Amino acid sequence: MNALRLLPVSSVALALLLPGLAQAQSFEPKNIWVNPGFYSAHFDSGRGLENSNFGLGFEYPLNDTYRVTAGTFHNSDRRQSHYLGLYVLPFEFYGVKFGAVVGGFDGYPNYRNGNWFPAILPVAAIEGKNWGLNIAYVPTIKNRLYGAITFQLKYRFGTHE
């Protein structure tokens, strides 16, 4: 992979991560959420898209509002994608956190020829002691990206109060 290809997303990611990193608590590995990718319920189900988007991802809470995330998955176009971002979840209603994930993705052949692109996706997070679920809205971008509601099951090891 060409290192220059990563420069735009790295710069944006750093700018997005700085507010959260400034408020970060001490690092504790037991707080890392691990996920096996996504399930995508596509709005245009007749296109033969891949709904099961298996991969490996990580999410680490910096505090109650900010979480860094990174991972890879087999996308709906049956290509490998990578992501890097920051969850910003400032609102909570009946135990469900709401906000957005801001970051970058790659691997979509119809969008920037598979190169990195920025994204802001509305998200809701439901979390227990060890199990959680992220639900995100992916908008349709005509002839580039197929819209969906995504479901990302996540788990964290260790004892949590």
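Mentor: A salt bridge is a side-chain nitrogen of Lys or Arg within 4 Å of a carboxyl oxygen of Asp or Glu. By this rule the protein has six salt bridges. The model is predicted: local features need pLDDT of at least 70, and side-chain atom pairs pLDDT 80 or more, while totals for chains, interfaces and linings use all residues. Numbering starts from 1 along each chain as its sequence is written, and side-chain values use heavy atoms, without hydrogens or water.

Start with Glu 59. Arg 67 forms a salt bridge with Glu 59. The closest N and O atoms of Arg 67 and Glu 59 are 2.9 Å apart. Are these two residues buried or exposed? Arg 67 counts as buried, because its relative accessibility is 3%. Glu 59 counts as buried too, at 2% relative accessibility. (Buried means under 20% relative accessible area, exposed over 50%, partly exposed in between, with a 1.4 Å probe and protein chains only.)

Glu 59 has another partner. The side chains of Lys 154 and Glu 59 meet in a salt bridge, with 2.9 Å from N to O. Lys 154 lies in strand β8 (residues 148-155) and Glu 59 in strand β2 (residues 52-61), so this pair ties together parts that are 95 residues apart in sequence. (Strands here are DSSP runs of E with at least two residues, helices are runs of H or I with at least four, and both are numbered from the N terminus.) Both Lys 154 and Glu 59 are buried. Now link the partners up. Glu 59, Arg 67, Glu 127 and Lys 154 belong to one network, joined by salt bridges that share partners.

Compare a pair elsewhere in the chain. Arg 47 forms a salt bridge with Asp 44. The closest N and O atoms of Arg 47 and Asp 44 are 2.9 Å apart. Asp 44 has a relative accessible area of 38%, so Asp 44 is partly exposed.

Lys 97 lies in strand β5. With a relative accessible area of 14%, Lys 97 is buried. What does Lys 97 touch, beyond residues up to four places away in sequence? The list includes two members of the network, Arg 67 and Glu 127. It also holds Asp 64, Leu 89, Phe 91, Glu 92, Val 123, Ala 124 and Ala 125. (Contact means heavy atoms within 4.5 Å.) Take Glu 127 from that list. Lys 97 and Glu 127 are 30 residues apart in sequence. In space, their C-alpha atoms are 8.5 Å apart.

Next, the strands around these residues. (Two strands pair if DSSP finds at least two bridges between them.) Thr 69 has Gly 85 in β4 as its bridge partner. β3 and β4 form a hairpin with five residues between them. In that turn, Arg 78 has a positive phi of about 65 degrees.

β4 then pairs with β5, again antiparallel, over nine bridges. Phe 93 has Val 96 in β5 as its bridge partner. The hairpin of β4 and β5 has two residues between the strands. Tyr 94 takes a positive phi near 50 degrees in this hairpin. Phe 98 is found in β5 as well, whose range is residues 96-105. Phe 98 counts as partly exposed, because its relative accessibility is 36%.

Now the nonpolar side. The largest nonpolar core has 17 residues. (Such a core is a set of buried Ala, Val, Leu, Ile, Met, Phe, Trp, Tyr and Cys residues joined through side-chain atoms within 4.5 Å.) Phe 73, Phe 105, Tyr 108 and Phe 117 touch the most other members. β4, β5, β6 (117-127) and β7 (131-138) each supply at least two residues of this core. β6 gives the largest share, five residues. Leaving aside neighbours within four places in sequence, Tyr 108 is in contact with Phe 73, Phe 117 and Leu 145, among others. Its contacts also include Asn 75, Asp 77, Ser 81, Asn 113 and Gly 114.

Step back to the whole chain. The protein has one helix and eight strands. From the N terminus on, the order is α-β-β-β-β-β-β-β-β. Buried residues make up 41% of its 161 residues. Of the contacts between residues at least 6 apart in sequence, 48% join residues at least 24 apart.
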